[in-house]
Amino acid sequence: GFRDLANEYNAKNAVILGVSFDSQSENRAFATKFDFNFPLLCDLDRSMGLAYGACSNSQARSAKRIGVVIGSDGLIKHIELSANASTYPNEVLEYL
């Protein structure tokens, strides 16, 4: 996953961020459990989920697993609306 490819992402000057509807303490526990080496952002009001299509309303209990590549200019370079957790981290390297 992204954690295991950190060196490849660093070499491309890329930053990995995860986003979850969970609280800060829940994200911290999840990241610790899976030894994440990147931050998990909290989207408690679902604003990012709504903006990027990970959910359809602000009451959604969970988000679809999506992936977004944002360039240094702030523009979206690629969006995957159904990201496979085991293959997407390698696929993203092609867009950087």
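Student: Where is the place of Tyr52?
Tutor: Tyr52 sits in helix 3. Keep in mind that this is a predicted model.

Student: Is Tyr52 buried, partly exposed or exposed?
Tutor: Tyr52 counts as partly exposed, because its relative accessibility is 28%. Buried would need a value under 20%, and exposed one over 50%.

Student: Which residues is Tyr52 in contact with, leaving aside its neighbours within four places in sequence?
Tutor: Tyr52 is in contact with Ile66, Val68, Ile70, Ile76, Ile79 and Leu81.

Student: Take Ile79. How many residues apart along the chain are Tyr52 and Ile79?
Tutor: They are 27 residues apart along the chain.

Student: OK, zoom out. How many helices and strands does the protein chain have?
Tutor: The protein chain has four helices and four strands.

Student: And what pattern do they follow along the sequence?
Tutor: Reading along the sequence gives α-β-α-β-α-β-β-α. The radius of gyration is 13 Å, close to the 12 Å that the globule rule gives for 96 residues, so the protein chain is as compact as a globular protein of that length.

Student: What box do the C-alpha atoms fill?
Tutor: Roughly 35 × 30 × 25 Å, taken along the principal axes.

Student: What share of the 96 residues is buried?
Tutor: Buried residues make up 27% of the 96. The accessible surface of the protein chain is about 6,700 Å², and 50% of that belongs to carbon and sulfur atoms.

Student: Back to contacts. Of those between residues at least 6 apart in sequence, what share joins residues at least 24 apart?
Tutor: That share is 31% in the protein chain.

Student: New topic: charges. How many are positive and how many negative?
Tutor: There are 9 positive and 11 negative charges in the protein chain. Their mean positions lie 5 Å apart.

Student: Are Asp4 and Arg3 exposed or partly exposed?
Tutor: Asp4 counts as exposed, at 51% relative accessibility. Arg3 counts as partly exposed, at 32%.

Student: Now the loops. Where is Asn57?
Tutor: Asn57 is in the loop between helix 3 (47-52) and strand 3 (67-70). Asn57 is partly exposed, with a relative accessible area of 35%.

Student: What is Asn57 in contact with, leaving aside neighbours within four places in sequence?
Tutor: Arg46 and Leu50.

Student: How many Å apart are Asn57 and Ser47?
Tutor: They are 9.2 Å apart, C-alpha to C-alpha. In sequence, Asn57 and Ser47 are 10 residues apart.

Student: Next, backbone angles. What phi does Asn13 have?
Tutor: Asn13 has a positive phi of about 60 degrees, although it is not a glycine. Most residues other than glycine have a negative phi.

Student: And where is Asn13?
Tutor: Asn13 is in the loop between helix 1 (6-11) and strand 1 (18-20). Asn13 is exposed, with a relative accessible area of 72%.

Student: What about the phi of Asp35?
Tutor: Asp35 has a positive phi of about 55 degrees, and Asp35 is not a glycine. Asp35 is found in the loop between helix 2 (24-33) and strand 2 (40-42).

Student: Is Asp35 buried or exposed?
Tutor: Asp35 counts as exposed, at 56% relative accessibility.

How values were computed. Residues numbered from 1 in each chain as written. Predicted model: local features only at pLDDT ≥ 70, side-chain atom pairs only at ≥ 80, totals over all residues. Heavy atoms only, no water. Helix = DSSP H or I, 4+ residues; strand = E, 2+ residues; numbered from the N terminus. Rg over C-alpha atoms; globule rule 2.2 N^0.38 Å. Buried < 20%, exposed > 50% of the residue type's maximum accessible area, 1.4 Å probe, protein only. Contact = heavy atoms within 4.5 Å. Areas by Shrake-Rupley, 256 points an atom, 1.4 Å probe, with all protein chains shown as cover. Lys, Arg positive; Asp, Glu negative; His and termini not counted. Charge placed at Lys NZ, Arg CZ, Asp CG, Glu CD.
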